[in-house]
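Try each task before you read its solution.

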Amino acid sequence: MRATDGGQRLTAAELDGSLGERATLVQFSSAFCAPCRATRRVLDDVAGMVEGVRHVEIDAEAHLDLVRRLGIVKTPTVLVLDADGAVVRRASGQPRRADVIAALGAAVGPA
């Protein structure tokens, strides 16, 4: 997962709910995307391991405004948000569990 410095931010309203207390894993998916299903399992598992982290899956086709604004070009794309909704890490394709955990470390800082 690569660091981002674009100053992009997402709000709870854009995520149809709330941000995680410490971080949010945002997954852009599409209906017939096999790697999206595997990514969902990884992100759900990691979110369940780290207190205060929420996983949100967004249907890319239903949220084209966000897809365009954030420059999403393929699914799955995963964004790691800090507690304020700032995008701190980004990955296209299916991420490895270890990479997600490391990216969360950058987003949440020390416990």
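This is a predicted model: local features need pLDDT of at least 70, side-chain atom pairs count only at pLDDT 80 or more; totals for chains, interfaces and linings use all residues.

Residues are numbered from 1 along each chain as its sequence is written, and side-chain values use heavy atoms, with hydrogens and water left out.

**Exercise 1.** Describe how helices α1 and α3 pack.

Solution. Find α1 at residues 34-49 and α3 at residues 97-108. Their axes are 10 Å apart, at an angle of about 45°. Next, list the contact residues (heavy atoms within 4.5 Å). From α1 come Val42, Leu43, Asp45, Val46 and Met49. From α3 come Arg97, Val100, Ile101 and Leu104. Last, sort them by class: seven are nonpolar, none is polar and two are charged.

**Exercise 2.** Which residues does a cis peptide bond join, and where does Pro76 lie?

Solution. The cis bond joins Thr75 and Pro76. Its omega is about -5°. Now place Pro76: it sits in the loop between α2 (64-70) and β4 (77-82).

**Exercise 3.** Locate Asp16, give its phi, and decide: buried or exposed?

Solution. Start with the place. Asp16 is in the loop between β1 (2-3) and β2 (23-29). Its phi is near 55°, a positive value in a residue other than glycine. Then check the surface. Asp16 has a relative accessible area of 60%. Asp16 is thus exposed (over 50%; buried is under 20%, with a 1.4 Å probe and protein chains only).

Technical notes:
Axes are lines fitted to C-alpha atoms, for helices over the stretch in contact, and angles run from 0 to 180 degrees between N-to-C directions. Helices (H or I, at least four residues) and strands (E, at least two) are DSSP runs, numbered from the N terminus. Ala, Val, Leu, Ile, Met, Phe, Trp, Tyr, Cys and Pro count as nonpolar, Asp, Glu, Lys and Arg as charged, and the others, Gly among them, as polar.
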